[in-house]
Amino acid sequence: MDTTKITDEINQERRRFFGTAAMTIAATQVGMIGSAVAQRMEAKMPAIKPGTNTSFGPLKQIDAGVLNVGYAEAGPANGPAVVLLHGWPYDIHSFVDVAPMLAAAGYRVIVPHLRGYGTTRFLSSAAVRNGQPSALAVDLKDFLDALKIEKPILAGFDWGARTVNIFAALWPERSKATVSVSGYLIGNQAAGKLPLPPEAELQWWYQFYFATDRGRAGYEKYRSEFSKLIWKLASPEWKFDDATFNRSAAAFDNPDHVDIVIHNYRWRLGLAEGEPKYTELEKRLAQGPVITVPTITLEGDANGAPHLEPGAYANKFSGRYEHRLIKGGIGHNLPQEAPQAFAQAVVDVAEA
């Protein structure tokens, strides 16, 4: 391997996105990198083998908006706040190795269960079990308000990355910086109604399945088996074991889980209505707002889930911006498959 060439490419990317003055801060990790760069990274973020940690310990609960949110917390209470958001069908264990690394680096790390997952519950039985994207972003805002966190670093993947994108676009004054796996994920119902080429449509097979009563019943009955299949398809080279999957699958036993998931995907296709209180937010999001806060986007080199090439969304980030391709057979659940790369991105974007 020509490490000199790789280091040169890394430096070119840093200059492009951060400027020469930030060279010592933005340590880019792209697969296997030159030894000098690796040594500087290890000084900031010690190496860890994925799967080293298996538990967060006891979770906390807090009333926030329409929810009572269950969340894990690690690190010093007075440290810079980092909020990590999971996706579907995953849970907070996607960050089980990331959180202790960031905590050891001095960050206050907070990892909430999204609505419909784990110990998060609706405060009212009459509340709409709404999975539309803007609702999840408002959940995040309410959660930060409840914890009295003004301007955290936000990082996530899948539904979590979309929520991070939406929050940063709508309330940039409340976000210090973001890390987003698979880039810019803000969409709208009008775009969701447009047909895609057949090969692209095939990747969204489960969305069409969920549009049917049979699909809803199937997910209700086989949610664990269904989720394990999605894990395998989205991360074809990730050799997770049953214990790893089962720790996350327990979060899908939430009584609202199926309703939230089905509504989310039906809403995207325009087959389910959202709540009127989110209409104005959705109108703003339908314009494809640019994200102005510093951002690092990440992509695994073996992501089997639908995703765009980075060039398709680079212009959606107008602040300091960098994209990193994480090599080594890394799939969709990037923080759990490559926790060091994910944690390093959080540290780097915070320092930029």
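In the predicted model, D259 and R216 form a salt bridge in which the closest N and O atoms are 2.2 Å apart. The pair links distant parts of the chain, with D259 in helix α12 and R216 in helix α9 (residues 213-221), 43 residues apart. Both partners are partly exposed: the relative accessible area is 28% for D259 and 26% for R216.

A salt bridge also joins the side chains of R129 and D256, at 2.8 Å from N to O. R129 lies in the loop between β5 (121-122) and α4, and D256 in the loop between α11 (242-249) and α12 (257-268), so this pair ties together parts that are 127 residues apart in sequence. R129 is buried at 19% relative accessible area, and D256 is buried at 6%.

Because E73 belongs to β2 (residues 67-74) and R108 to β4 (residues 108-112), the contact ties together parts 35 residues apart in sequence. E73 is partly exposed, at 23%, whereas R108 is buried, at 14%. The count of salt bridges comes to 14.

Helices α4 (residues 133-147) and α5 (residues 159-170) pack at an angle of about 70°, their axes being 9 Å apart; the two helices are therefore roughly perpendicular. The residues of this contact comprise 8 nonpolar, 2 polar and 2 charged. Among them, L136, L140 and L144 belong to α4, and W159, I166 and F167 to α5.

Overall, the protein chain contains 15 helices and 9 strands, and 56% of its 352 residues are buried.

Notes
Residues numbered from 1 in each chain as written. Predicted model: local features only at pLDDT ≥ 70, side-chain atom pairs only at ≥ 80, totals over all residues. Heavy atoms only, no water. Helix = DSSP H or I, 4+ residues; strand = E, 2+ residues; numbered from the N terminus. Buried < 20%, exposed > 50% of the residue type's maximum accessible area, 1.4 Å probe, protein only. Axes fitted to C-alpha atoms, helices over the stretch in contact; angles between N-to-C directions. Parallel < 35°, antiparallel > 145°, perpendicular 65-115°, else oblique. Contact = heavy atoms within 4.5 Å. Nonpolar A, V, L, I, M, F, W, Y, C, P; charged D, E, K, R; others polar. Salt bridge = Lys/Arg side-chain N within 4 Å of Asp/Glu carboxyl O.
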